[in-house]
Amino acid sequence: MADPAPTTPREAIAQMRINAPVRGNRKLEKLLEAANGDERMRAWWYMQQVNAERLGMSDHSWVHIQIVANIALRLFRLLSKAGVEPAVVADHGMGVRDAEVVIAAGCLFHDTGMSIHRTDHEAYSLFLAADRLPRLLEGVYDEPELTVVMSEALHAVIGHRRRGDPITLEAGIVRVADALDMASGRSRIPFETRRPNIHSVSAAAIDDVTIEAGDEKAVQVKIAMNNSSGLFQIDELLATKLRGSGIEEHVEVVAEIEAEHEKRLVPVFRI
């Protein structure tokens, strides 16, 4: 039997819609509405996934974008509730809701450069975002606030890479949120081959990730593993992104192995 016809680009983008709790933030709501209604934006999400599949990598589609955006907003709201001030407020005298727009914009565009190439995709994302973000924010901001929000969002985009050196709370949040898309084997580490290896095995070991207010720190991330191989995923990916993010002092990561059949060499792992 012949292989089924591939999904066309138009069919692929038709199903895309980023949903996130806006909590009355009309600016954030308008940004998400504009992104969902922009065919070029959604076509970039389509192409970044096409290239991920060509490289044998895990999901980089709009689903990843939605997960990262929701995680980032969750992190920010917990940090904000604990009194941690974003750069948009501290440096520009703007509001917490403007910080949410910066964070969401960074998430929407952080992987668009994958539509061009995996190598240096963060840098390619910058010029795509610089071209499109003003349209998505039309009617939301005027100058000079438009340039301020764009600049902070672009910093969050480039800051999410491994050595991105984020220098704002907003950028650090986007960086860590990207790494936290790891539940149910959603590894961000590329698979070098299609045979089982430490990347694929450790990704499959992550069952669930929950993000809650912490007792001693603003945020506690709990990671449930079914196998200790998941520690590779946490230490190689998440810890690398968390260190140097600027929010590490406010975040505690606790990973626990729930499988009863495994010899518990490391029953609890903390960052």
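Me: In which loop does Asn-25 lie?
Reply: The model is a predicted one. Helix H1 covers residues 9-14 and helix H2 covers residues 26-36. Asn-25 lies in the loop between H1 and H2.

Me: Is Asn-25 buried or exposed?
Reply: A residue counts as buried under 20% relative accessible area. Asn-25 touches Arg-97 and Glu-100, leaving aside residues up to four places away in sequence. Because its relative accessible area is 1%, Asn-25 is buried.

Me: How many helices and strands does the protein chain have, and what percentage of its residues is buried?
Reply: The secondary structure of the protein chain comes to 11 helices and 4 strands. Of the 271 residues in the chain, the buried share is 54%.

Me: Among contacts between residues at least 6 apart in sequence, what percentage joins residues at least 24 apart?
Reply: Contact here means heavy atoms within 4.5 Å. In the protein chain, the share of these contacts that join residues at least 24 apart is 66%.

Me: How far apart are the end C-alpha atoms of H3?
Reply: H3 has 16 residues, and at 1.5 Å a residue it should span 22 Å. The expected span uses one less than the number of residues. The separation in the model agrees with the expectation, so the value is 22 Å.

Me: Which elements are included in what covers the buried residues of H3?
Reply: The buried residues of H3 include Trp-44, Trp-45 and Val-50. The cover over the buried residues of H3 includes H1, H2, H4, H6 and helix H7.

Me: Why does Asn-51 count as buried?
Reply: Asn-51 is found in helix H3, residues 39-54. Its contacts, not counting residues up to four places away in sequence, are Met-114, Ser-115, Ile-116 and His-117. The side chains of Asn-51 and Arg-54 are joined by a polar contact of 2.8 Å. Asn-51 counts as buried because its relative accessibility is 11%.

Me: How many residues of helix H9 are buried, and which helices do they pack against?
Reply: Helix H9, residues 169-179, is mostly covered, with 11 of its 11 residues buried. Among them are Glu-170, Arg-175 and Asp-178. The buried residues of H9 pack against H4, H5, H6, H8 and H11.

Me: How many bridges join strand S2 to S3, and which residue in S3 does Lys-222 stand opposite?
Reply: Strand S2, residues 219-225, and S3 run parallel, and they are joined by 7 bridges. Strand S3, residues 251-257, is mostly covered, with 6 of its 7 residues buried. The residue in S3 opposite Lys-222 is Val-254.

Me: What unit do S2, helix H11 and S3 make?
Reply: Helix H11 covers residues 230-242. Together, S2, H11 and S3 make a right-handed β-α-β unit.

Me: What distance separates the C-alpha atoms of Met-225 and Glu-256?
Reply: Met-225 is found in strand S2. It is buried, with a relative accessible area of 1%. Met-225 and Glu-256 are 31 residues apart along the chain, and their C-alpha atoms are separated by 6.0 Å.

Me: Which residues are joined by a cis peptide bond?
Reply: Most peptide bonds are trans. Pro-144 has its place in the loop between H7 and H8. With omega about 5 degrees, a cis peptide bond joins Glu-143 and Pro-144.

Me: Is Asp-165 buried or exposed?
Reply: Asp-165 is found in the loop between H8 and H9. Its phi is positive, near 50 degrees, although the residue is other than glycine. Because its relative accessibility is 57%, Asp-165 counts as exposed.

Terms used:
Residues numbered from 1 in each chain as written. Predicted model: local features only at pLDDT ≥ 70, side-chain atom pairs only at ≥ 80, totals over all residues. Heavy atoms only, no water. Helix = DSSP H or I, 4+ residues; strand = E, 2+ residues; numbered from the N terminus. Buried < 20%, exposed > 50% of the residue type's maximum accessible area, 1.4 Å probe, protein only. Polar contact = N/O pair within 3.5 Å; in protein donor to acceptor, adjacent residues only side chain to side chain. Pairing = 2+ DSSP bridges. Right-handed = clockwise from strand over helix to strand, strands pointing away.
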